[in-house]
Amino acid sequence: MQEQIRAVQRMQDYIASHLTEPITPAMLARAACFSPWYARRLFIQYTGLSPADYVRKLRLRHAALRLRDEKRTITDITMEMGFGSVDGFIRAFRREFGCNPGAYAAHPTPLQLFSPYGVQYSAPERRKHSMEVKSVFVQVVEKPARKVIIKRGITATHYWTYCEEVGCDVWGLLTSIKSISGEPVCLWLPQAYIRPGTSQYVQGVEVAPDYAGEVPEGFEVIGLPAAKYLMFQGEPFAEEDYEAAISQVQEAIARYQPSVIGYTWDSSNPKIQLEPIGRRGYIELHPIR
């Protein structure tokens, strides 16, 4: 089974690296080191999508983000993202998101973007990898007053229980909303922000205090004041070592005493977790005053 998972991960990695180029079954089969027929069967088994559907959804995700953030024509996006024709791209965009790409570029609204989770790194069981002890970098950062569009869970206190309660697709929708911090966030809410029957751990996206855009159904908006944070950032890590990377940073946080730099922990503001991305290291932000 592990060899099958590694084969599918190799195909996912190949797609991510060659997304704007033609991708054929033979190319994916070579990446998987299996026959085209068996490679396709494994891909469907572990991702729930055919390779063609996976590629299409991933290209549409990138196309939507570029339409949101860049002043590019539909024709440019069509060619650069590997779609065969403008008409084909428009039809695919409308089927995926229920709106015309031109209308979306003019007035971006939240979209349910595809989230390409790597099969090798998405199992919730703990992995016991031996990692050498690495440095954790600490710096003071300031967060401005802002709103956060959040989706609450029920009893979740961390990512995996949140996914079980809410689903893992929330991240794709949050990614489609332009954030003042550049990416969605996970929050551990203090008691004052937790409604009865809802979770401490939530996912959301930080927006400006005057945000008046669309709020997706089932989400809500909370306001947060300006606050100082200690940002803890681990060293870059191999993606398969993400559990160990998170543990190392969280252990460093547990040992840290902010009094050495003249601060105390601030329990009135939420703690923040960023998406674990190996090339930058794992990051958490803890409020101080």
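**Reading salt bridges in a predicted model**

Q: How exposed is R56: buried, partly exposed or exposed?

A: The general idea first: buried means under 20% relative accessible area, exposed over 50%, and partly exposed in between, with a 1.4 Å probe and protein chains only. Here R56 has 24% relative accessibility, so R56 counts as partly exposed. Keep in mind that this is a predicted model, where local features need pLDDT of at least 70, side-chain atom pairs count only at pLDDT 80 or more, and totals for chains, interfaces and linings use all residues. Residues are numbered from 1 along each chain as its sequence is written, and side-chain values use heavy atoms, with hydrogens and water left out.

Q: How many salt bridges does the structure hold?

A: A salt bridge is a side-chain nitrogen of Lys or Arg within 4 Å of a carboxyl oxygen of Asp or Glu. The structure holds 18 of them.

Q: Which side chain meets R56 in a salt bridge?

A: That partner is E96, at 3.1 Å from N to O. Because E96 lies in helix α6 (residues 86-97) and R56 in helix α4 (residues 51-69), the pair ties together parts that are 40 residues apart in sequence. Helices (H or I, at least four residues) are DSSP runs, numbered from the N terminus.

Q: Which residues are joined with R72 into one network?

A: Start with the pairs: R72 forms a salt bridge with E70, closest N and O atoms 3.6 Å apart, and another with E80 at 2.3 Å. E80 is partly exposed, at 26%. Salt bridges that share partners join R66, E70, R72, D76 and E80 into one network.

Definitions and conventions: Helix = DSSP H or I, 4+ residues; strand = E, 2+ residues; numbered from the N terminus.
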